[in-house]
Amino acid sequence: MSSTYQSLPSPCYVIEEKLLRNNLQLIQQVQQRAGVTVILALKGFASWPAFGIVAEYLSGCSASSLNEARLAREEFGGHVHTYAPAYTEAEFGALLTLSDRLSFNSLSQWHQFSGKVLRSGISAGLRVNPGVNEVETALYNPAFPQSRLGIPREELDALPAGIEGLHVHALCENDADSTQRLIAAVEQKFGHLFDQLKWLNLGGGHLMTRKGYDLDLLIDSLNGLRQRHPHIDVVLEPGSAIAWQTGVLVSTILDLVKRGGKDIAILDTSATAHMPDVLEMPYRPEVRKAGMPGAKPYTYVLGGLTCLAGDVIGEYAFDQPLKTGDQLIFEDMIHYTMVKTTMFNGVQHPALAIEYADGNIEIKREFGYNDYRNRLG
Ligand SMILES: Cc1ncc(COP(=O)(O)O)c(C=O)c1O
């Protein structure tokens, strides 16, 4: 544990500049070697105090709402590629002023808004469903046959006039072989439209910064696609890969209780409010210096601060008995955390800090009563 975390408010997310830059440098290599553009999917990581670092390597963002498009434009700069499952008339005018490319999820939405898009000069695309099955967790699989996300092949014998791009998103934390199969599926199902395309967005879920990821296979697959279709600008829009393992959630033990023979530590953080994927995905986050239950002498259930019975992070073993006031460090707590937190039960929202490469930590945001109150009336 970094002793510098002792001076932070608790709980607190800490983004580590050095780790973020490592990811971005690797992604930079992919852009250069594969001749593709990689943009940041804000749905996975939108902590704008760190955008200055990200923007040194990436030229834009992918937005999935008016708020994300505005954040991209105002805080990141560069290209904004927007896609949402549906657009509203009320928001569409503003979206047009904030987006460079805009993808539609259905032909009906395209027909509803095509006049405005064509007058605006923005490049329009269609999200299609490539029908691949690369994601085991149903909650995160967008490409099953009945999915509401993406137009099926049957509806697209030809591209409507005015459409310049295709957008697919079918992966989640996948390796390069999934991207290879995704490319093959898109070419097989939608290749008849490629002559008319200016761009192809291969979505997110390419976890290129995970240890063991086959970067050469990704780069070869992308180069193959580009050689077969040199007129098409290929874009990837990962979220997780950018913020993968780039920081922690620092928490503190508030109490230790014994219930039904189990030792339980109650923390000042929460699975449901501060790390919701632990319950949604579900998965077991790593806790620094802890092991599997029984692997070390002292095993505890780690529980959250909300009243939800299932607000439990899991069971972890430690070398020493835990004490009230001890810090626990949850690893890899930057992507899909801050963007999904809630203020359920009014529990204290974690502060947000950046640990710069020189070791200096700056607290960027702390939350208080007014943040809670203002969401509710
Ligand atoms: C359309 C779209 N693009 C990009 C992403 C980012 O995916 P990931 O964070 O898994 O790379 C998502 C995630 O849901 C998405 O829905």
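Two strands count as paired if DSSP finds at least two bridges between them. Keep that in mind as you work through this predicted model.

**Exercise 1.** Find out which residue of β9 is the bridge partner of L166, and how many bridges join β8 to β9.

*Solution.*
- Step 1: Go to strand β9, residues 199-201, which is joined to β8 by three bridges.
- Step 2: Hold that against the cut-off of at least two bridges, so β8 and β9 pair. They run parallel.
- Step 3: Look for the partner of L166 in β9, and you land on L200.

**Exercise 2.** Now work out which strand joins β8 through four bridges, and which residue there stands opposite L166.

*Solution.*
- Step 1: The strand is β7, residues 123-127, and it runs parallel to β8.
- Step 2: The residue opposite L166 is L126.
- Step 3: Check how covered β8 (residues 163-167) is: four of its five residues are buried, with buried meaning under 20% relative accessible area.

**Exercise 3.** Say which handedness the β-α-β unit of β8, α6 and β9 has.

*Solution.*
- Step 1: Trace the chain from β8 through helix α6, residues 176-190, to β9.
- Step 2: This β-α-β unit is right-handed.

**Exercise 4.** Describe how helices α1 and α7 pack.

*Solution.*
- Step 1: Two packed helices are described by the angle between their axes and the distance between the axes.
- Step 2: For α1 (residues 17-34) and α7 (residues 215-228), the angle is about 35 degrees and the axes are 9 Å apart.
- Step 3: The crossing is right-handed.
- Step 4: Pick out the contact residues, among them L26 and V30 of α1 and L218 and L222 of α7.
- Step 5: Sort the contact by class: seven nonpolar, one polar and three charged residues.

Technical notes. Residues are numbered from 1 along each chain as its sequence is written. This is a predicted model: local features need pLDDT of at least 70, side-chain atom pairs count only at pLDDT 80 or more; totals for chains, interfaces and linings use all residues. Side-chain values use heavy atoms; hydrogens and water are left out. Axes are lines fitted to C-alpha atoms, for helices over the stretch in contact, and angles run from 0 to 180 degrees between N-to-C directions. A crossing is left-handed if the near helix is turned anticlockwise from the far one by less than a right angle, and right-handed if clockwise. Contact means heavy atoms within 4.5 Å. Ala, Val, Leu, Ile, Met, Phe, Trp, Tyr, Cys and Pro count as nonpolar, Asp, Glu, Lys and Arg as charged, and the others, Gly among them, as polar. Buried means under 20% relative accessible area, exposed over 50%, partly exposed in between (1.4 Å probe, protein chains only). A crossover is right-handed if, with the strands pointing away from the viewer, the path from the first strand over the helix to the second runs clockwise.
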